[in-house]
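Thank you all for coming. Please have the sequence and the structure in view while I talk.

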Amino acid sequence: LHDSNGFFCCLGSVLWKVERGFTWMGKIKMPTITNLGEMMAGQAKFGDKKIMVVTGTSSGLGKMTARTALRTGEYHVIGAVRDLDKMELVAELEEFDMSSFTPMECDLSSYASVDRFCAQLEEFTKGRPIDRLACNAAVYQPSLDYAKYTEDGHEQQMQINFLSHFKLISKLMPNMAKSEDARVVLVGSVTGNDNTVGGGGVYPVADLKELEGLAHGAQKPISMIDGYSFNGAKAYKDSKLCLMMLSNMLHDKYHRQTGIAFSSIYPGCIAESPLFREKRPWFRKYFPVFMKYVTGGFVGEEEAGQRLFQVMHDPRCTKSGVYWSWNGGPREGRGAEAIEKGGQIMGAGGAGGGWDSIFENDQSNKVMDSEKTLKLFKYATKITGAQWPDSNQPTSPCPTLAVIGAVTAALNAKEEMERMKGAANLGDVDILGQPIVRAEKPSGGMVPNPVAEGAFVAASLFEEVAKRQAGKVLGELPDEAVEKA
C-alpha cells in the first residue's frame with residue numbers, strides 16, 4: 001500500500017473487472033486527461049441539469065413538454081425540429097429559458113438528417129450522457145387518398161412517426177447507457193391499442209397483418225406496412241402500434257443490459273392539437289366539443305405535456321416495459337361539471353386526471369405479439385441501417401469464475417466439434433417448408449487469456465487421463481446401460 005503507483009494500478013485493474021461484470025459499475029470510469037476535460041466542459045455547460053431530448057418541440061405535445069421541463073429548472077432540453085425558424089418564434093412566444101433550451105435541426109423524413117442531428121448532439125453534449133429521450137414528433141394524414149413519400153422513398157407517416165425514431169434510438173442508446181437514470185419514452189396512441197373503443201371500435205383498425213410491406217423494403221410504391229392499399233388514417237395507427245411494440249422489444253432486449261427504462265404512453269386525446277391540421281374544417285371545429293362533452297376523453301395540450309414530462313421525471317416511472325396512461329372511465333363526471341370546467345375534469349373519472357392518476361395500462365394482443373415484434377425489429381433494422389449492440393446479461397466479475405468459464409467454453413467447444421461430426425442427414429427444409437439454417441460448428445480455438453490458456457492445457461490433460469481411467473476409478477457400466485433400451 002506504500003507503493004502508490006502499484007496501489008492505483010491494482011485499483012484500476014479491479015475497477016476494470018467490475019466494469020466488465022456489472023452494468024451499473026460499467027458506468028464508472030477511471031479519470032483520464034481526456035475524459036476529465038470532457039467532464040469539466042460538460043459541467044461548465046450544463047451544471048447539474050439532466051439532458052432531455054424531445055422530438056417535435058415546435059408545436060403541440062412536444063412544445064408543452066419542453067415548456068414544463070424548462071420551468072422545473074432541472075433539465076437542459078434539446079428540441080429536435082424540422083423548422084428552426086418556427087422553433088425560434090415558438091420559443092420566444094412561450095418564453096422558453098434559452099439558456100436551458102437548444103433547438104437542433106432534425107428532419108425525421110430524412111435518415112441523413114437524423115444522422116447529422118446525432119453527430120451534432122454528440123459534439124454539443126461534450127461527453128455528458130443523454131438522460132431522457134422523448135420520441136414524440138408525428139404527422140397524421142387521414143384525409144389523403146394517396147400516399148406522400150419521403151426523400152428516402154417511404155410513406156411519410158411510416159418514416160416520420162416510426163422508422164426515423166427507430167434509427168434515432170439505435171444511435172443514441174449507447175450514449176444513454178452511460179446515464180444513471182436514462183429513460184426512453186415513445187408516444188403511442190389509443191388508436192394503436194385495439195383493446196379499447198377508440199382503438200378497436202373505429203375503422204380503420206391498426207393491424208400490421210404479416211408485415212408484407214416492410215418485408216419488401218417499404219419503398220415507393222409500397223405505402224403501407226402491411227403491403228396493401230393506402231389508407232391515411234390506418235397508416236398513422238399502424239405507426240403508433242409499431243412504436244408501442246418497439247418499446248416492449250427494447251425493454252426485453254436491452255433494459256437489463258443498459259439500465260435504460262423503455263416505456264410508451266398515451267397522454268389522452270389532444271383534440272385541439274396541430275396534429276389534426278390536415279383534417280377538414282368542420283372536424284377541427286366539432287371534434288374537440290365531442291371529446292369534451294360527450295366522451296370525456298379530451299385533454300388540453302398543457303396537461304398532455306405535463307403527462308409526457310411526468311413519465312420522464314417522476315421516480316415512479318423508472319419502471320421499464322410499461323404502457324403509461326391516466327385515469328379510468330372516460331364517461332364519469334360528464335354533464336354540468338364538465339360544462340362549468342370547459343370539458344376539463346381534473347382527478348379520477350375524466351380524461352384530465354392529475355399527477356397521481358397515472359397507471360400501468362393494459363396492452364392489446366397485437367402490441368404484445370412477441371413473434372411479430374421480432375420480425376418488425378429485424379425488418380426495420382434492415383430498412384433503416386440501424387446498428388444495435390448485441391444483447392447480453394451482466395455477469396460476475398470474479399477472476400476465478402472468468403478463468404473457469406473460459407476453460408469450460410473451450411472444452412465444450414472441443415467436445416461439440418466431435419459430437420457434430422456425426423450429424424444426421426436432416427435435409428434442407430424444415431416441417432414448415434422453410435430453409436434450414438445450419439448451426440455453425442465451434443472453432444475450438446484457445447482462449448486469449450494466458451492464465452486461462454495454462455488452465456486449459458492442464459484441464460485437457462486431466463480430461464484425457466480421466467477418460468482412460470474412468471473404468472478403473474468409477475467402475476464398469478452396468479449391462480442395462482449398455483445393452484438395453
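I will go from the chain as a whole to the sheet, then to a helix pair, and finally to some individual residues.

Let me say at the outset that this is a predicted model, in which local features need pLDDT of at least 70 and side-chain atom pairs count only at pLDDT 80 or more, while totals for chains, interfaces and linings use all residues. Residues are numbered from 1 along each chain as its sequence is written, and side-chain values use heavy atoms, with hydrogens and water left out.

The protein chain holds 16 helices and eight strands, where helices (H or I, at least four residues) and strands (E, at least two) are DSSP runs numbered from the N terminus. Of its 485 residues, 46% are buried, and here buried means under 20% relative accessible area, exposed over 50%, and partly exposed in between, with a 1.4 Å probe and protein chains only. If we take the contacts with a separation of 6 or more, 74% of them come from residues 24 or more positions apart, a contact being heavy atoms within 4.5 Å.

Turning to the sheet, the eight strands form an open, mixed sheet in the order β3-β2-β1-β4-β5-β6-β7-β8, and two strands pair if DSSP finds at least two bridges between them. Because β3 (101-105) and β8 (358-360) stand at the edges with a single partner strand each, one side of each is left without a neighbour in the sheet. From one strand to the next the twist averages 25 degrees; for this and the later angles, axes are lines fitted to C-alpha atoms, for helices over the stretch in contact, and angles run from 0 to 180 degrees between N-to-C directions. Strands β1 (residues 50-55) and β2 (residues 75-81) run parallel and are joined by six bridges, with Thr 55 standing opposite Ala 80 in β2. Helix α4 (residues 84-93) packs on the sheet, where it touches β2 and β3 and makes about 160 degrees with the direction of β3. Helix α9, for its part, lies across β5 (183-187), β6 (261-265) and β7 (322-326), and runs at about 160 degrees to β6.

How does α9 (residues 232-258) pack against helix α6 (residues 156-176), and at what angle? Their axes are 7 Å apart and the angle is about 20 degrees, which means that α6 is roughly parallel to α9, a description that applies to angles under 35 degrees. Among the residues that meet here are Phe 162, Phe 166 and Ile 169 in α6, and Leu 243, Leu 246 and Leu 250 in α9. The residues of this contact divide into 11 nonpolar, five polar and no charged, counting Ala, Val, Leu, Ile, Met, Phe, Trp, Tyr, Cys and Pro as nonpolar, Asp, Glu, Lys and Arg as charged, and the others, Gly among them, as polar.

Now for the individual residues. Thr 65 sits in helix α3 (residues 60-72) and counts as buried, at 0% relative accessibility; apart from neighbours within four places in sequence, Thr 65 contacts Gly 305, Leu 308, Phe 309 and Met 312.

Most residues other than glycine have a negative phi, and most peptide bonds are trans. In the loop between α8 and α9, Ala 218 has a positive phi of about 55 degrees. Pro 221 lies in the loop between α8 (212-215) and α9, and a cis peptide bond with omega of about 15 degrees joins Lys 220 to Pro 221.

Note on methods. Angles under 35 degrees count as roughly parallel, over 145 as roughly antiparallel, 65 to 115 as roughly perpendicular and the rest as oblique.
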